[in-house]
Amino acid sequence: MTTPARPALQVKNVSLSFKGVKAISDLSFQVEAREICALIGPNGAGKSSLLNILNGVYVPDAGDIIFEGEHFRRMEPLEAARRGIGRGFQNNALFSGMSVIDNVITGLSRHSRLTLVEEMFRLPRARNEERRFRERAHEVLRLFGLDRHAATIVGTLPYGVQKKVELARAVVAEPRLVLLDEPLAGMNAAEKQEIATVIGRLNRDLGLTIVLIEHDIGIVLELAHHVVVLDYGRKLADGPPETIRDNPDVIAAYLGSERTEIAA
Amino acid sequence: MSMFLETLIGGLLAGTMYSLVAIGFVLIYKASGVFNYAQGSILLFGALTFVSLTGQGVPAPVAIAITIALLVLMAIAIEKLLLRPLTNRSPMTLFMATLGLSYLIEAVAQGIMGSQVRALDLGIDDLPIFVGDIMISQFDLIAAGVALALGIGLSLLFNRTRIGIQLRGVADDTRAALSLGIDINRIWQIVWAVAGVVGLVAGLLWGARQGVQFSLSLVVLKALPVLIIGGFTSIAGAIVGGLVVGAGESLAETYLGPFLGGGITPWFAYALALVFLFIRPAGLFGERQIERV
Amino acid sequence: MKRLLLAALLAGTVFSGATVTRAADVSQYIPLPTYRVGAYASSGELWWAGERDYFRYINEVEGGVEGVKLNYEEFETEWSPDRTVEVYERVKAGKDGSPLAFFFTHGTPATYALLEKAAADKIPLIDPAGGKTETVDGTVFPYAFPLLFSYYSQASTGINYIASKVGGFDKLKGLKIATVYHDSAYGRASQPAIDVLAKKYGFENIQIPVADPGNEQSPQWRQIRETKPDWVFLRTWGVSTVVAIKTAQRFGFPADHIIGDVWAGSESDVIPAGKAAIGYSALAPYPGGTDFDIHKRLKAEILDKGKSDLRDQKLFGAVNYNVGLVNAALAVEALRTGYKHFGARPLNGEEGRWAFEHLTIDDARLKQIGFEGLLQPIKITPTDHEGGGAARIQSWDGEKWVLQTDWIKADHDLLNPLIKEGAAAYAKEHGITPRTPDTETN
Amino acid sequence: MSEIDLRIAAPVNGSAALRAAGLAAGTILILAAPLLASEYWINAIIVPFLILSLAGLGLNLLTGYAGQLSLGAGAFMMVGAYATFSLQLRVPDLPLPLALIVSGLIAASVGLAFGIPSTRIKGFYLIVSTLAAQFFFEWLFLKFPWFYDGNSSATISLPRGLTVFGLNAETPHGRYYLTLGAVALLTLLSFNLVRSQTGRNWMAIRDMDTAAAVIGVPVTRAKLQAFAISSFILGVSGALWAFAYLGSASVQSFGLSRSYQILFIIIIGGLGTIRGAYLGAAFVSLLPLALDWLFQHLFSGHVDAGLLQNIQKGIFGLLIMWFLVKEPEGLARLLGIRLAARRRLFPSSQN
């Protein structure tokens, strides 16, 4: 690859606490452009909370976020989306009252430049934006094999399929960085493999930078270029997958035996 | 200065009458997540039944017992026929179901007991007592006592007794409580029955103040701002909310009213509630769900 | 259950307006928009009983009016103006061959809503002791009849009564008269009149609003205790009247210095107030009680024969029952005037208007129909659709209303310019050219 | 209100020709209605039904689509009516349709203002801001005579009656076409809006507003738009209710019971659907009359009138509860299921 561009995302000394309970303490790491970075760690390690900080849902007590060179003390949800940060959620936050295709098109809302009047009178500009959005959405649905469910109300679909819809919604707006919270949870083995390859292809073909929370170490090792291990809100390890696999602290954290001193 | 104190105290005491009505709403919302629009009609039904019975010479204690029995039966019927088929429906659907319920209860009440206005004398004559030159209404004082006693009694029920703990479990998470084997249906019946009795107490006090007639069910309008300020899920909130709204209305009508032409109490209560909500978006005592995504 | 419902809906579409004219003698159709459900049912129930009992008495004992039977029919409206408008649209074409000679609105909001519709359809709106005050001027409002007692007359009669109690109009100077009014169009309707009266007699006029529903009035009565008025008018209705009387007692204001208006002077306004209401008096264009001749006749012919619409016989003679009686009598006497002129057959709207505009009931006639003391002598003319403008005063002694005075007339020379001015403004705004009644022929 | 409601979208396929024919026949019937139905039906049933549907449509955008609870429909209708009255009185040469649009805009800005708390308050507590509006305007339009030009009855009625571009619309036909025109236009605009990005944004906010914000839905702007557009439609329907139906109106015509009625219409009719408002309005206007007519014919004379009315009210309450238990999603879904069921039974009828 050409000389690596500046890192897509830098997290500097970020801390977060809920009424005194330390969720994240003094965490720093960075994600290179066009890489898949996996966040792993036991439940309650602060993984989802970190994503919520990046998306502006939570406000960190301290620390700095640098995204594409710009510094953010705190991120606003709308601001994050406008800057091209896509998001998949842990317990899939789909819009249950809407169809699959509508859920995915809603992911494109930040690209919409229509005014109310154009929409009300279905002026030409509105009609072709609508057509463009619909085509883009169908294209992404086909990518995830969801086209036949397009008109179905999301609430009626099985959990695994819903996860795919959420993934589709996260990537439909060509984000510059995608944050995925356990995208493969609740899927059977075949589906897991199918979606893992799609994520891999999105990264390779479109150069999409992905931050991924995943428990299945096999998938992590197969997909991730870079792994960050969290435990009780602190960074345990940070490096390529191979070094992480045989890092004693990581194994201890996972297997729960007494932990050696945490690497600075 | 005594004018201010009197207005303040008078307002606080009047506020307790609003709390009485609000407590009925809190009980049902807390346990079953239903904003019970029919609470006003239940209040009317209780007062009307009591007055009709005493009107036919039934001694007061017996009349009270019969009325409470009827309210308990009504609570069971409501739970069986309405709440059970509508479990975990959206709050809007439940709210509207209670609207239908209020039509039914009002129709039964007026159909059977007639629509004539009846006097209700609780033996408390509404003569003022003076503390220094501050005039305090004897009636409101007693009403405040009743509201306080009810508040304490119910919070004891909620926190100390076994049923109380189950009640709070149901209120917290119906499905979780169900999975623990708590008999949800019985709990809801108990809650609606207790709310009915609280409604009866409020109905008797309000009835003694304005006569037992159909517009007794309008007293619900006074409870809404109280619930919003105090939070829908706490009895202490209902009492504090009542005090705030009562005092706020009384002071506003006396001091702010003249500049705005008077009669400002209805919208002032909601403006007050709006200010409180901006500070605490789920009411003073209501829990604010943490956004888990 | 669904089939029954669909059948009901379908049936609803069929009944629309097929009027079948029966060959038998045609009777005068009188629709009654009533309310027997909801907050106002307590007063409404007795009103309709009064009307139906009198109409039944006319039909069965006097064989109708000049031989024409009355075909009265009830429609539920829950006192809401839009349901009354719907009933009006349904009945305005008449029924069984009889057109509408007039339409009882049974509520001031309904009168406002129907004012223009009825004028266009040429059907007189009858709203005794209510209605829009400007409609007293018949030249601008030919089809609106606020009979007996307008809101302005209420203020004037009230002041005349106070003057009689304090020993003369000159004694009014310097007095403080407070009005506690329900903060609605109804509550504010007599303010223009009392302002003029205050200027003329030099008393201080204090207006104190009570927000709906008015079940908490300490701030208002604390203000009264501070300002210490000599007399208080109650322009309230329903719950706000009861709470006003009780709060007055609590703040130590004597009940015998409080005067209630027409719609704050029935049994249901005082019974709930208990002992606090003893001594409270009210303006009564409709006096309470049964010691009137018509009540004796009704007792014998209707009540004792179990033909009364009253659910509870004890309420025979209640103020609201007498309201129904008096309104029914006004309608019957107007129809009688019309039948004598146009012939004994159902009248239409225009003939009804003529009949009401030539309705005169003097003392002799009152004795004949047994309404002496219950109904004031009345003379309606094309320019004066009130025709009476007087009321008696009755006080509550804890058990019943006791009549204190005979008919006290309002000061019409003072009020008429006020009414004319309001009517002229309405005419200008709505582009109506006032009619000149003396040039009309029929 | 973000629990998952299971909505089976009744697949409306069927041949295009069949549907086009149905649509054409429908339009002809609607346009020719004044000639067929009696004056009573037009004035007393169809015109109020259309206006209530329009009000329901307006509130459904805010509560059914955008999920923002409101008990202030009456207040925004009131603002529309009083604005139209002031415009017709003080700007005489402004034709009525333009006055309706300007009044709608005024109501929209008021709705926007009372929508601001929605950016911070969620769920049931939000009813406080619309209730504040409801009681504030009930007080405001009564306390200051300027709003009703000082007449003693505090009522408003159009100075020169209902005139649209000069021609007199006081006749039943005039009222009908004026109302129909407004309702048809605003329904079409709303239909397009809910099918567009704004509609999807609203539904996203209704179902899970935090997720909506994160994926780029402009939540604050969309909520305020919902309040504004909803209030625009409510304002126009308020003006029509006052002048095209009642003739003259006052603060009482738009009280809290009106807000309850409109909320009731969209819940019984079907939240988050365009046709829901119409079905709900039909339920509210036709059913009481049908019950009244049925009882008048079955029992009148034998049963005490008071008892009769109370029984009717009780049955109406029972029907509400029965409908909600049978189909919590409202009549729109009930109808949807019926249509889908019939299509399954007669698949051949489709082509």
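Predicted model: local features only at pLDDT ≥ 70, side-chain atom pairs only at ≥ 80, totals over all residues.

My entries follow, in the order I looked things up.

**Entry 1: who touches whom**

I started with the chain contacts. There are 5 pairs of chains that touch, and chains B and D have the most contacts among them. Then I checked A against C. Chain A and chain C do not touch, and their nearest C-alpha atoms sit 28 Å apart.

**Entry 2: chain C as a whole**

I get 15 helices and 15 strands for chain C. Its radius of gyration is 22 Å, close to the 22 Å that the globule rule gives for 442 residues, so chain C is as compact as a globular protein of that length. The C-alpha trace of chain C spans about 70 × 55 × 50 Å along its principal axes.

How much of chain C is buried? I find that 65% of its 442 residues count as buried. I also looked at contacts in chain C between residues at least 6 apart in sequence: 71% of these join residues at least 24 apart.

For the surface, I noted that chain C exposes about 15100 Å², with carbon and sulfur atoms supplying 55% of that. Then the charges: chain C has 48 positive and 56 negative ones, and their mean positions are 3 Å apart.

**Entry 3: aromatic rings**

A pair of aromatic rings is described by the distance of the centres and the angle of the planes.

I took Tyr29(B) and Phe232(B) as an example. Their ring centres are 5.1 Å apart and the planes make 45 degrees, so I logged the pair as tilted. Where do the two residues sit in chain B? Tyr29(B) is in helix α1 (residues 2-32), while Phe232(B) is in the loop between α9 (220-230) and α10 (235-260), so the pair ties together parts that are 203 residues apart in sequence. I checked burial too: Phe232(B) is buried, at a relative accessible area of 1%.

Trp322(D) counts as partly exposed at 27% relative accessibility, whereas Phe323(D) counts as buried at 9%.

I also traced a cluster linked by ring pairs. Its members are Trp267(B), Tyr82(D), Phe114(D), Phe136(D), Phe137(D), Trp139(D), Phe141(D), Phe144(D), Trp146(D) and Phe147(D).

Last stop was the backbone. Most residues other than glycine have a negative phi, and most peptide bonds are trans. I looked for exceptions.

The peptide bond from Asp212(C) to Pro213(C) is cis, with omega near -5 degrees. I placed Pro213(C) in the loop between β7 (204-210) and α8 (218-227) of chain C.

What about phi at Asp26(A)? I read a value near 50 degrees there, positive in a residue other than glycine. Asp26(A) belongs to strand β2 (residues 21-31) of chain A.

Ala129(C) also went on my list, with phi near 55 degrees, again positive in a residue other than glycine. I found Ala129(C) in the loop between β4 (125-126) and β5 (144-145) of chain C. Is Ala129(C) buried or exposed? Its relative accessibility is 1%, so I put Ala129(C) down as buried.

Definitions and conventions. Residues numbered from 1 in each chain as written. Chains lettered and ligands numbered in written order. Heavy atoms only, no water. Contact = heavy atoms within 4.5 Å. Helix = DSSP H or I, 4+ residues; strand = E, 2+ residues; numbered from the N terminus. Rg over C-alpha atoms; globule rule 2.2 N^0.38 Å. Buried < 20%, exposed > 50% of the residue type's maximum accessible area, 1.4 Å probe, protein only. Areas by Shrake-Rupley, 256 points an atom, 1.4 Å probe, with all protein chains shown as cover. Lys, Arg positive; Asp, Glu negative; His and termini not counted. Charge placed at Lys NZ, Arg CZ, Asp CG, Glu CD. Phe/Tyr/Trp six-rings, centres within 6.5 Å; stacked < 30°, edge-to-face > 60°.
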